[in-house]
Amino acid sequence: MTSTPAVRPGFSRTALSIDVEDWFHTANVASVIGRQGWDACELRVERNTMRMLEILDENDARGTFFVLGWVAEKCPQLVRAIAAAGHEVASHGYGHELVYSLEPSAFRADVLRSKQHLEDLTGKRVRGYRAPSFSITDWAIPILQELCFDYDSSLVPTVAHDRYGRLSGIDAGKPVALLRDGFYEVCISCIPIGTHGIPWGGGCYFRLIPYSMWIQGVRAILRSGMPYVFYFHPWEIDAHQPRLPGLKASYAFRQRVNLHRSEGRFAALVGAFKWDPICDLIDAWSAAHDTSQLRGTTSELPSGAASASLIANGFR
Ligand SMILES: [Zn+2]
C-alpha cells in the first residue's frame with residue numbers, strides 16, 4: 001500500500017464487472033478442453049449468472065456484464081435478463097481466444113460477431129469490450145474504436161501474470177486513460193507500486209487473499225482518489241463445477257482455489273460498497289475532466305499504438 005501516486009481527489013467510485021463465460025472457457029482448462037469440446041460440456045453459466053444477478057439485486061448494485069458471444073448464442077434469455085435488470089451488457093468477444101495470438105482481421109471478426117449478436121438481443125449499442133484473459137494489445141485498440149466501442153477494460157497493469165497483455169504507456173498509476181479521441185481504457189484495479197501494481201481487481205486473487213485484507217486494499221485504493229474496478233466470473237461461485245483429471249497443477253489451482261468460499265465473499269463485497277457499471281464510471285470521468293484539451297492534443301498524434309502511449313492521461 002505504499003507509493004500511491006498523486007491523483008485527483010474525489011473520484012473514489014466503485015465499478016463492478018462480470019465476465020460471463022462458463023467453467024470450460026477459461027485459459028486454465030484450454031489444454032484439456034479445446035474449442036471443439038465445448039458443446040459436450042455441461043452448461044452451468046446460466047444458473048451461476050442468475051445467482052449473481054440475485055446477489056446484485058439484493059444489494060441494489062449495478063454492474064457491467066462482458067458476455068462471451070458463444071454464451072449469448074446458447075443462452076439468449078440470459079442476456080435479456082441481464083439487460084432487463086438494468087445492468088450494462090458489454091462484449092467479451094466470441095470465441096475466448098487470446099487477442100495477441102490472433103491476426104487483426106480474425107480479432108475484428110470475432111469481436112464484431114459478438115457485438116452484433118448482443119446488440120440484436122438487447123436493442124442497445126454495446127459500448128465496452130474486455131479481452132479474454134486480459135490479453136489486450138496495442139493494435140486492437142483502433143479496431144475496437146472502428147467497431148464503435150467507447151472503451152476497453154482489459155488491462156491489468158502488473159508484471160505478475162504470464163498471460164496478460166500490455167498497452168503502451170498505461171501503468172498502475174493511470175486507472176482510466178483516454179487512449180484516442182472518444183475511446184478510453186479502464187484498467188482492472190491494482191495497488192500501485194511505482195508504475196506496476198499488485199493485482200487487486202478480482203478473479204483468482206480475490207479468492208486467494210483473505211477477505212479482510214482484500215477489503216483493506218480496496219479502501220486504500222479508494223482513499224487515494226482512484227476508482228476501484230472489480231471483476232469476477234460466474235464459474236468462480238460454482239464449487240461443484242466438474243474436476244478435470246490431467247490438468248496441470250498450477251492451472252487447477254488457479255481454477256479451483258477457494259471456490260467453496262467465493263459466493264459468500266462475493267456477496268459480502270457487493271454489500272460493502274456502492275457499485276455502478278463501467279459505462280457510468282467513464283461518463284462521470286469524462287464529465288469531471290476537461291477532455292477538450294486532450295482532444296486538441298490527439299489531433300496532432302498518429303493513430304494506433306503510438307497514440308496510446310502519448311495520450312494516456314490518468315489521474316496525475
Ligand atoms: Zn474470459
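Two residues are in contact if their C-beta atoms, placed from the backbone, lie within 7 Å.

**Figure 1. Overview of the predicted model.** The protein has 316 residues, and 47% of them are buried. Its secondary structure consists of 12 helices and 10 strands. Among contacts with a separation of 6 or more, 77% are between residues 24 or more positions apart.

**Figure 2. Helix H3 packed with helix H4.** H3 covers residues 76-84, and H4 covers residues 104-122. The axes of H3 and H4 are 9 Å apart and lie at an angle of about 65°. The crossing of H3 with H4 is right-handed.

**Figure 3. Residues where H3 meets H4.** On the H3 side are Pro76, Val79, Arg80 and Ala83. On the H4 side are Leu118, Leu121 and Thr122. Sorted by class, the residues of this contact are 5 nonpolar, 1 polar and 1 charged.

**Figure 4. Tyr205 in helix H6.** Helix H6 runs over residues 203-208, and Tyr205 is found in this helix. Tyr205 counts as buried because 21 other C-beta atoms lie within 10 Å, and the cut-off for a buried residue is 20 or more.

**Figure 5. Surroundings of Tyr205.** Leaving out residues up to four places away in sequence, Tyr205 touches Pro199 and Trp200. Arg254 is 49 residues from Tyr205 along the chain, and the C-alpha atoms of Tyr205 and Arg254 are separated by 8.9 Å.

Note on methods: Residues are numbered from 1 along each chain as its sequence is written. This is a predicted model: local features need pLDDT of at least 70, side-chain atom pairs count only at pLDDT 80 or more; totals for chains, interfaces and linings use all residues. Axes are lines fitted to C-alpha atoms, for helices over the stretch in contact, and angles run from 0 to 180 degrees between N-to-C directions. Helices (H or I, at least four residues) and strands (E, at least two) are DSSP runs, numbered from the N terminus. A crossing is left-handed if the near helix is turned anticlockwise from the far one by less than a right angle, and right-handed if clockwise. Ala, Val, Leu, Ile, Met, Phe, Trp, Tyr, Cys and Pro count as nonpolar, Asp, Glu, Lys and Arg as charged, and the others, Gly among them, as polar. A residue is buried if 20 or more other C-beta atoms lie within 10 Å of its own, exposed if 12 or fewer, and partly exposed in between; C-beta atoms are placed from the backbone.
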